[in-house]
Amino acid sequence: MASLLSGLLGILVATNQPSAVSNLVQQRTGAKIEIADPNDPVEREYLRLLEMDDAAQAEVERWLKDDDKLTGAGAGIEQGTMRARIRQRFEPVEKGYKDFLERNPKHVKARIAYGSFLGDIGREDEAAEQYIKARDVEPKNPAAWNNLANYYGHNSPATNAFACYEKAIELNPAEPIYYQNFATTVYLFRRDATNYFNISEQRVFDKAMELYRKALALDPENFPLATDLAQTYYGIQPPRIQEALKAWSDALKLARDDIEREGVHLHFARWHKTAGDFEAARRELGLVTNSKYGQMKENLLKGLNTAESRTNNVAQPEAGAK
């Protein structure tokens, strides 16, 4: 399905901005593109719609990336002009979906795809209408429930999101993205989760971790998913240092290149600093050599020096005490 557009696109074309926190919830549907009969003209038209959608979004993403570079050099396109250009590029895609669904109102996959398109360009209320129609036509379609859950995660109530994710997983317990989306939403909306599941906040953290682990069990080579799980430990109080280090160790095994590996070493350094093991933190930072991480490494070293100095200052009077 179509890729997500950058945050700049949301600024330019969205009519109802989701909250910054809820943007962490993934938009992917988990739906597979399955064509029952490749010779069916309706299915061929549906595939052409998806291709048109993907092409338009990919082109707009290129525009935005190029404009971002130009803006950095003081030569970006005026926002009004870019907004009009984007809308013009998306007009034939929207018209294509509308025309197709007028002729094929019960084509659930097309309706979900159209909803995803609308969500990607910031028209989430209209996207939800498509997901509801898809669900009503085919109540056992898990992608419709997952996307509707994404909508509620963005726009509330979060408890509706929990219920819809549960339904999506009930209908397709083998799709990792449903667990991942559910985990992220539980983690972000902890207060709602404590009430919905009638559990403590610490148990909410445990539940989110359990969901992430189920997602990883279904998609065990997914490095970004492993890092999502590991990142959540930063928000847990009191800190679960050993669990966090284990999660980053698991992520390190899945890292696909030196850039990803060095990024994990930065996280190891943070957690060793939290644990007060400054020597281990310095060892980890010594493994980070890519300039991409230069500023982050420098900031961590400063924080490490400060923490170590404070610890030494506290320890000195104790050493001299009689």
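Predicted model: local features only at pLDDT ≥ 70, side-chain atom pairs only at ≥ 80, totals over all residues.
1. Let's begin with the overall make-up. The chain has 322 residues, and 45% of them count as buried. Its secondary structure consists of 15 helices and zero strands. Looking at contacts between residues at least 6 apart in sequence, 62% join residues at least 24 apart.

2. On the α12 side, the contact is made by I241, A244, L245, W248, S249 and L252. On the α13 side, the residues are R261, V264, H265, H267, F268, W271, H272, T274 and A275. Sorted by class, this contact has nine nonpolar, five polar and one charged residues.

3. Now for the loop between α6 (142-155) and α7 (158-171), where you will find P157. S156 lies in that loop too. A cis peptide bond joins S156 and P157, with omega at about -5 degrees. S156 also has a positive phi of about 70 degrees, although it is not a glycine. Its relative accessible area is 47%, so S156 is partly exposed.

4. The peptide bond from Q237 to P238 is cis, and omega is near -5 degrees. R240 lies in the loop between α11 and α12 as well. Is R240 buried or exposed? With a relative accessible area of 14%, R240 is buried, because the cut-off for buried is under 20%. Leaving aside residues up to four places away in sequence, R240 touches Q202, F205, D206 and Y233.

5. N198 is worth a stop in the loop between α9 (190-197) and α10 (201-218). Phi of N198 is near 55 degrees, a positive value in a residue other than glycine. Its relative accessibility is 69%, so N198 counts as exposed.

6. How many aromatic pairs does a search of the whole structure find? The search finds 13. Take the rings of Y151 and Y152: their centres are 5.5 Å apart and their planes lie at 65 degrees, so this pair is edge-to-face. Y151 and Y152 are both buried. Elsewhere in the list, ring pairs link F162, Y165, F182, Y196 and F197 into a cluster.

7. The charged end of R135 sits over the ring of W145, 5.4 Å from the ring centre.

Note on methods:
Residues numbered from 1 in each chain as written. Heavy atoms only, no water. Contact = heavy atoms within 4.5 Å. Helix = DSSP H or I, 4+ residues; strand = E, 2+ residues; numbered from the N terminus. Nonpolar A, V, L, I, M, F, W, Y, C, P; charged D, E, K, R; others polar. Phe/Tyr/Trp six-rings, centres within 6.5 Å; stacked < 30°, edge-to-face > 60°. Buried < 20%, exposed > 50% of the residue type's maximum accessible area, 1.4 Å probe, protein only. Lys NZ or Arg CZ within 6 Å of the ring centre and 35° of its normal.
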